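My notes follow, in the order I looked.

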Amino acid sequence: MGVGDYLSDLMGTGSGSRQHSSNSRKQLQTVELRVTMDCDGCVLKVKKTLSSLDGVESVEINRKQQKVTVTGYVEANKVLKKAKSTGKKAEIWPYVPYSMVANPYTVQAYDKKAPPGYVRRVDNSATIGTVTTYGDPYTTMFSDENPNACSIM
């Protein structure tokens, strides 16, 4: 491979086979799973199994939250399949911070098993008929339209 080929690969106008291999590379991503783990042995088994996947950079486990975070050049469905191969119940991390959900206290979002500050991920289209507007509360706090503005000052 000469200097011209190297420069053309950098510019994206290289030969078809080289360009195809560079486009088929996976991107670095983080996959979060909820895996049921009861003891330190379970934690070690899951960590060892997921670390053996090709492209995995790191595996972090929070046993208290039952959360496994895998970072690397991997696909989420392959990580999930590998986690299930350990015999443990595994699913994609179903929780998001409650500030990310329009109505965090609806029946669909509330989950007793969720870690503190998290609710179950729900589709916003599930709450048909409600209109939610997001506004900065600090911009309207001292507004003339706010009837309670005098009590704040």
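**Entry 1: Gln66**

I started with Gln66, which is buried, with a relative accessible area of 17%. For my own reference, buried means under 20% relative accessible area, exposed over 50%, and partly exposed in between, with a 1.4 Å probe and protein chains only. Before going on I noted that this is a predicted model, where local features need pLDDT of at least 70, side-chain atom pairs count only at pLDDT 80 or more, and totals for chains, interfaces and linings use all residues. I also noted that residues are numbered from 1 along each chain as its sequence is written, and that side-chain values use heavy atoms, with hydrogens and water left out.

I found Gln66 in the loop between β2 (56-62) and β3. Helices (H or I, at least four residues) and strands (E, at least two) are DSSP runs here, numbered from the N terminus.

Which residues is Gln66 in contact with, leaving aside its neighbours within four places in sequence? I got Leu33, Arg34, Val35, Thr36, Met37 and Trp93. Contact means heavy atoms within 4.5 Å.

With Met37 there is also a polar contact: a polar atom of the Gln66 side chain lies 2.5 Å from the backbone nitrogen of Met37. A polar contact is a pair of N or O atoms within 3.5 Å; within protein, one must be able to donate a hydrogen and the other to accept it, and residues adjacent in sequence count only if both atoms are side-chain atoms.

I checked the backbone too. Phi of Gln66 is near 60°, a positive value in a residue other than glycine. Most residues other than glycine have a negative phi.

**Entry 2: the largest pocket**

Gln66 turned up again in the lining of the largest pocket, along with Arg34, Thr36, Lys64, Gln65, Lys89, Ala90, Glu91, Tyr95, Lys113, Pro115 and Pro116. The definition I used runs on a 1 Å grid over the protein atoms alone: a pocket is an open set of points where a 1.4 Å probe fits, with protein on both sides within 12 Å along at least five of seven lines, and lining residues have an atom within 4 Å of a point.

How much space lies in the largest pocket? I read about 200 Å³. That volume is the space filled by probe spheres set on the points, with grid points joined across faces, edges and corners.

By residue type, the lining divides into four nonpolar, three polar and five charged. Ala, Val, Leu, Ile, Met, Phe, Trp, Tyr, Cys and Pro count as nonpolar, Asp, Glu, Lys and Arg as charged, and the others, Gly among them, as polar.

**Entry 3: helix α4**

Next I went through α4 (residues 76-84), whose buried residues are Val79, Leu80 and Ala83. Seen down the axis of α4, these fall within an arc of 100°, so they line one face of the helix. The arc is that of the directions from the helix axis to the C-beta atoms.

What do the buried residues of α4 pack against? I listed β1 (29-35), α3 (40-51), β3 (67-72) and β4 (90-92). On the face turned away from the buried side I found the exposed residues Asn77 and Lys81.

Lys82, also in α4, is partly exposed, with a relative accessible area of 28%. Beyond its neighbours within four places in sequence, Lys82 is in contact with Thr49, Leu50, Ser52 and Leu53. The C-alpha atoms of Lys82 and Thr49 are separated by 7.2 Å, with the two residues 33 apart along the chain.

**Entry 4: Thr86**

Thr86 is in the loop between α4 and β4. Buried or exposed? I have Thr86 down as buried, with a relative accessible area of 8%. Its side chain reaches the backbone oxygen of Ala83 at 2.6 Å. Leaving aside neighbours within four places in sequence, Thr86 is in contact with Lys45, Val46 and Thr49.

**Entry 5: Asp54**

Asp54 sits in the loop between α3 and β2 and is exposed, at 70% relative accessible area. Not counting residues up to four places away in sequence, Asp54 touches Tyr73 and Val74.

**Entry 6: whole chain**

Last, I noted six helices and six strands in the protein chain, in the pattern α-α-β-α-β-β-α-β-β-β-α-α along the sequence. Buried residues make up 25% of the 153 residues.
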